[in-house]
Structure formats: C-alpha cells, structure tokens
Amino acid sequence: MRGNMDQIKMSQENIIQLDFSEEMKNSYRDYAMSVIVARALPDVRDGLKPVQRRILYAMRELGLSPDKPHRKSARIVGDTMGKYHPHGDSSIYDALVHMTEDYSLNAPLVDGHGNFGSIDGDGAAAMRYTEARLSPAAMTMLDNLEKGLVDFIPNFDDSEKEPTVLPAMLPNLLINGTTGIAVGMATNIPPHNPGEVIDAVIAYMDRPGISTDKLMDYVPAPDFPTGGIIINASEMRQIYETGEGKVRLRARTAIEKGDAGRTNIIITEIPYTISGNKTKLVENLSSLAREKVFDEIYDVRDESSKEGIRIVIEVKKDRDVENLLNGLYKKTQMEDTYGVNLLAIKPTEGANGQPKVFNLKTLIEEFVLFQEDLYTKEYRFLLEKAKKRHEIVEGLMKATDVIDLIIEILRGSDSVKQAKTCLTEGVTEGIRFKSAASEKQAKKLLFTEAQTDAILAMPLSKLIGLEILKLHEENEELLKNIADYEKILSNVKELYKVIKGRLREFKKKFARERRTELTDATASAYVEKVVEEDFFVCIDRFGYTKAVDAAAFSRAADETKNEFSFVLKIKNTDKLCIFTNKGNMHQVKMDKIPRCKMKDKGTLVHSLCRMSNEEEGLLYTSFEDLFESMLMFTTKNGYIKLVSGVEFETGRQQVAATKLDEGDELVDVSLLTASDVLAGTKKVVLLTEKGLSLGFMLSEVSEFKKTSRGVKAIALEKGDCLVYAAALDPACETFEHNGKTLSARKVRTRRRGAKGQKANLS
C-alpha cells in the first residue's frame, strides 16, 4: 500500500499543467513554420524547395551527372526518401517530374528519359518505367559541393548529412520561377529569360545602386517557356517594385485561309497558366462550339506535334474573325491572369529563415550576396589547396638538388621514423653516413612534414630531367595562382570579375531568344452576330424537346413528324414561349434548346425552363409570332378574355400570364391574328365536363390586361367545369376533343355567359 501511494505521489509530481488554447496555438505555429520553411517555399539563394534540393543532392550522390547513363526514377525516389525526405514517394516523384518539364521551366534541372507527361496534361508513367539524370543546369548548382561552400546538417535520423542550401551559381529562382502554398501564405514567382536575368545580375554588380527601372532594361517582364503575349506591359514596373501583381497573358494566334471559303484561327502558343493542361483548352473550345455559344465556329481540332502547338479553330464563311477572337479571349483561357507573388525564404542567423516578399532588385541583391559568399569560400579553398601543393612541390624541388644525401640517409637509417626525423629536424644520431661531411650537411635539412612524406613517397622516375623540369613549371604556375587567388580575395571588384566571367559562360550555354512578347492591349467587347436560321422545335407527348434544322425536318417522313404533339417553326434568334395550365408563361432562348437530329430524343422541356411537374403546356409559340398576335385565355371556371401579345414582352424567364382564382386553371390559350379579332367573325366554342356546349361570336370577347381575370364565358351548373375552348372559323364543320369528333354546326350560338346546351356527337 505504501509503495502504491509513493507511485501516485510521483506521478502527480510529473503532471504538467498546460493551458489548452495556448498549447494549441504553439503547436499550430510550429506546424505552420515547418510547412513554410521546410516544405512549401523556396530558399531565395538557390530557388529550391527542400524536396527539390534533396532530389538533386541524392542524384549527385548516385553519380548521375549529364555524361552518365540515366537511372531508374524509382531508385532516385527511394534514395531521396530513405536518406533525406521521409514524406512519401508520390510527392518526391511529382517534384522530380516537374523538374524535367521544359514547358514549365526555362532551364530544366533533370534530364528525363521515358514518358514524363506532356503539355497536353498527360500524366507521367510510373517511376519504375522512367529514368533520369541531372541536367547541365543542375550541375551549376552542384559542382562545387566538395569545396565546402555550404553548410551540411544531419538528416532526419542522423545517419546522413545533407546541404542546407546548394551552391547555386545560376540565378535559378528568377530563371525557373516556382509556386507553392504554405499556411497563410503562397508564392508564385514567374520564370524569366536566362540571358536577361544574367545581364541584370551583372548590371547590379557593376552598379549596386541601380534602380528597378534600370534593371527592367535587362529584365522587362517574365519570359514564359510556353511563349504567349503579355498584354499589360505597362504594369510590370509596379509588379517588380512591390513584388506583387497580376500578369495578363494571351495566346499567340495567326489567321490562315481554310477550306470552302472558311477562315482558320491558329493558336501557336498558349498562356503559361494552362501549361501542362492544353487538352482542357481544346475541350473548352470544342464545347463552346458544340453548344453554339460561338455560332461562328465551324470546327475545332488539335494538330499539335513535336514541332510545336497548333490548335485550329475553323470559322464559318463570312464571319467576323476579330470579333470572334474578342469573345474567345473573354470566355476561354486563351486569355488568362498569372498572379505574381515574389515570396521566398530569406536566411537568418540562428534560425531556419523567414518568409519575405522581395522585389526584382532585392531578389538579385540576395543572389549577388550569396555569390560573394560562395566565391569567397571557393577561392579560399583553392588558395589553401594551392599553398599545400606549393609546399610539396617546393620540397620535391629541393630534394632533387640533394637527392644523393637523401638516399644516403635512407640507406643508413634503421627505420622510416628515424629517416623522417632526420629530414624534418636534422637529427642524425644512429644514422650511418659515408662521411662526416654528409652528416654535417644532413643536420641542415629542415623539410616540413608534408614535404618529407612526399619525398619518401616519390618514385625514382621523378629524378628524370624532364620530370624535374615539370616540377619547376608547376611551381611557377602555383605561385602565379596563389598570387591571383590572394588578389581576388583581397578586392571585391576582382571577385566580381570572376563571378561575372562565369555568369557570361552560363549565358552562352543557357541563353535563348525571348519567347513571350510584350504589349499593352485591351480586348474589345464581343458583339454577338448570329446569322438567322430556321429551325423546327419538336415536342413529343412526354415533353421531350429538340430543335431540328429546317433542311433535316423537311427530309423527314410524315410518319415521323406525326409522332410529335407540337411542332413549331422558329428562328434561331427567337425565343420559345410556353403558356401553361397554371397561368404562367415561360421563355426559353433558342440557343438553350439542344440541336438534334430527327432520331434524337431531346431534353425534357421542364429542364429548359422553370416549369414545375404539375404544369402542362397548352400553347407553344415563338415570341415573334406572339408579339404580333392576340391571345384568348379560357379557364376551367368559365372565364374568358383577350390579351395583346405585346403585354408579354419581358426579359424574365417566367411571368404570370393571367390572373386565376383559387382552384381555377387555364383550359385553353389560343393564338389569334389581329385581323381575326378586328373582324370578329370567328365562333368561340365551349364544352363542359358534363357535355354541355355553347357558341358565340369572337366579337363578344373583350380585351383585358394580362393581370385581369376576364369575364364569364358560360354559366356553369354546380359541379360542372369547362374542359374545352376554341375559336373556330364559321365554316368549320367539326372539332376534336379527347379523341371524339363533335359537330361544330350543332353547337348553338347564343350570347356569351348563357347556359350551355347538350352537345351532340357527330
């Protein structure tokens, strides 16, 4: 019992009291900083994210230089994950694939062999099928690692060492750009022309006080590997001053003559924003053509090949191509926006670095400061190496002058240690000399330890006269190099000369002509010009609706046409107006009705407008016909009225067509010409559910507003209701209702509002 109490007391002493909200805040802050610094954002010095840096370093350790054979990507990913980046193979392989993309980077860092995807949006093959090695551009960032130019830190399990940054001697961040999303921040740095960036770096070293305006003489704007046109060139200055802004990109197009009098718009370069997803643009253009959003488009096809991009948009004959281009720029990704945010990690002492938004000048400044540090360390390394070699060469030259004495010392010594002591300190005790003069001369020998080791390891072939001459030449070369190195290290201007010289070599190797054109342009408004065409809207008894062009409809058999409940001739620029039994009018633009063949099913009319499932279409007409006509409304409760079609001119998709009492609904909506109404010679025929009929002249029906209920057309008995109404020609003999034929002659004509008489079947 005593032991249990002691354990409880000890466990209570080990309990740490923490505020939950404070712990959550601290933990989330640590997580956020880890994502920002160690995952998502690039280092401003080498322009790489940690995963990219680790991939390149792992490939260097595997010996995958540009002159060596490619190795399986799976091996590269495995080494990277197992040694440096334990965050999953898919993220590593995705980063490796990205570094091979010449349509994303101006200077790809990995040379891929196999299917690494395409600009169309095709994905890369599995890592077990592809191979890779370092590119020449990557070697500019890895070549000097053995010279101790950067710091190394332990990897995640302390089993390996990895560099904190690569000794990049090419301004990779500006040349290749980058993108990344961290916690609460994101970076989006566009790629730039390698030659322009190198020129800007050299200009900065020549004049450290140079302004952003002057730097833009060398780097006027981003230069995307996909080309295209930047159409807001005047805004580049603000972007490069603040480090933030938007670049408006437009596809490069050309106009060519096509077949059958058509004109072709040829897209040869696409905006960088859809690099790696060109197929999406082609599909979008095809969809717009298919849905008649752009009626001018005849066809869209992708004729791209290894020679370059070629997307063909065939424009119908006698259409305004410039106007169509304006519409395409507005409604497709042929014109897009690239958001610039020059955010990167700035190194700080005693920390992992902090995120900072740079501008063009400060990005170049950080690179130049990094180069100063790298080249200083490199030339210190070279100076130290040259001095060590000079020490040895000097010793070997001195040894060749007294080689006989050295041989005598070696032959008279009992051990190597004894001989080394004599050569370095002049101690001759225990060594057997041929003469006292030799011993006296040996006491004056004072070689350094490094010189002594070199002398003892020197082969006899070095005593040949030609070899001795080479030693003297090497000594002179070393003395010259040492003097040059000391001069470079003592004067920053000399250091800059070396940096600029190497940058010019890189420019010869990686520079290319600018691909992205600069201009200031605004897209003119798209004016929709639709050529009028006749269509037939066909609606079957289930409500399936389609639009068929006049030529196809005329070729159809009569049996096929008779299958439709409603057939209406209408222009493609018009609107379909639908009057329903619930007293509503729905409008559908013709471009919303699917263009179909006669055999196609079509689309339910309810999905084209806001008709509810309880509504039934009574009248289908074009707005053009409606506007020039009069409508006769008749309700179930026996009300009737005339309304001018002008009343229904509206841009709304749904309006109330008439006023209905509760429980009432429309029985019929008839379309009448203005001449019919003025003449008043038509006979209105009504039929009730109980079989009563009534007829009266159309002249008795008054015109009302659409918001009116109308007047009584027939006196209904209790429990009876109107089921049929029509305005018939006086010469009409019969009319149809519910499959029955009724005699129009036997419908007695009485005054409007009277009781009906028993209807007689014909």
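Let's begin at L619, which sits in strand β24 (residues 617-622); helices (H or I, at least four residues) and strands (E, at least two) are DSSP runs, numbered from the N terminus. This is a predicted model, in which local features need pLDDT of at least 70 and side-chain atom pairs count only at pLDDT 80 or more, while totals for chains, interfaces and linings use all residues. Residues are numbered from 1 along each chain as its sequence is written, and side-chain values use heavy atoms, with hydrogens and water left out.

L619 has a relative accessible area of 11%, so it counts as buried: that word means under 20% relative accessible area, with exposed over 50% and partly exposed in between (1.4 Å probe, protein chains only). What is L619 in contact with, leaving aside its neighbours within four places in sequence? The partners are C577, I578, F579, L631, V669 and L671, where contact means heavy atoms within 4.5 Å. V567 is 52 residues from L619 in sequence, and their C-alpha atoms are 11 Å apart in space.

Now step back to the whole protein chain. Its secondary structure comes to 23 helices and 35 strands. The radius of gyration is 45 Å, well over the 27 Å that the globule rule gives for 762 residues, so the protein chain is more spread out than a compact globule. That radius is taken over C-alpha atoms, and the rule is 2.2 Å times the number of residues to the power 0.38. Along the principal axes, the C-alpha atoms fill a box of roughly 165 × 95 × 50 Å. Of the 762 residues, 48% are buried. Among contacts with a separation of 6 or more, 68% come from residues 24 or more positions apart.

Next, a sheet. Four strands make an open one in the order β20-β18-β19-β23, with antiparallel pairing; two strands pair if DSSP finds at least two bridges between them. At the edges are β20 (566-571) and β23 (603-604), each pairing on one side only. Strand β18 (residues 534-539) joins β20 over six antiparallel bridges, and F536 stands opposite K569 in β20.

Helix α15 (residues 416-425) has two sides worth a look. Q418, A419, C422 and L423 are buried there. Why are they on the same side of α15? They cover an arc of only 130° around the axis, the arc being that of the directions from the helix axis to the C-beta atoms. In an α-helix there are 3.6 residues a turn, so residues three or four places apart point the same way. On the other side of α15, V416, K417 and E425 are exposed. The buried residues pack against α14 (403-412), α16 (436-442) and α17 (449-457). Just after α15, G426 takes a positive phi of about 75°.

Finally, the aromatic rings. The whole structure holds 13 aromatic pairs: rings of Phe, Tyr and Trp (its six-membered ring) pair if their centres lie within 6.5 Å, and planes under 30 degrees apart count as stacked, over 60 as edge-to-face and the rest as tilted. Y57 and Y84 have ring centres 5.4 Å apart and planes at 65°, so this pair is edge-to-face. Y57 lies in helix α3 (residues 50-61) and Y84 in the loop between α4 (73-83) and α5 (89-98), so the pair ties together parts 27 residues apart in sequence. Both Y57 and Y84 are buried. Ring pairs also link Y57, Y84 and F152 into a cluster.
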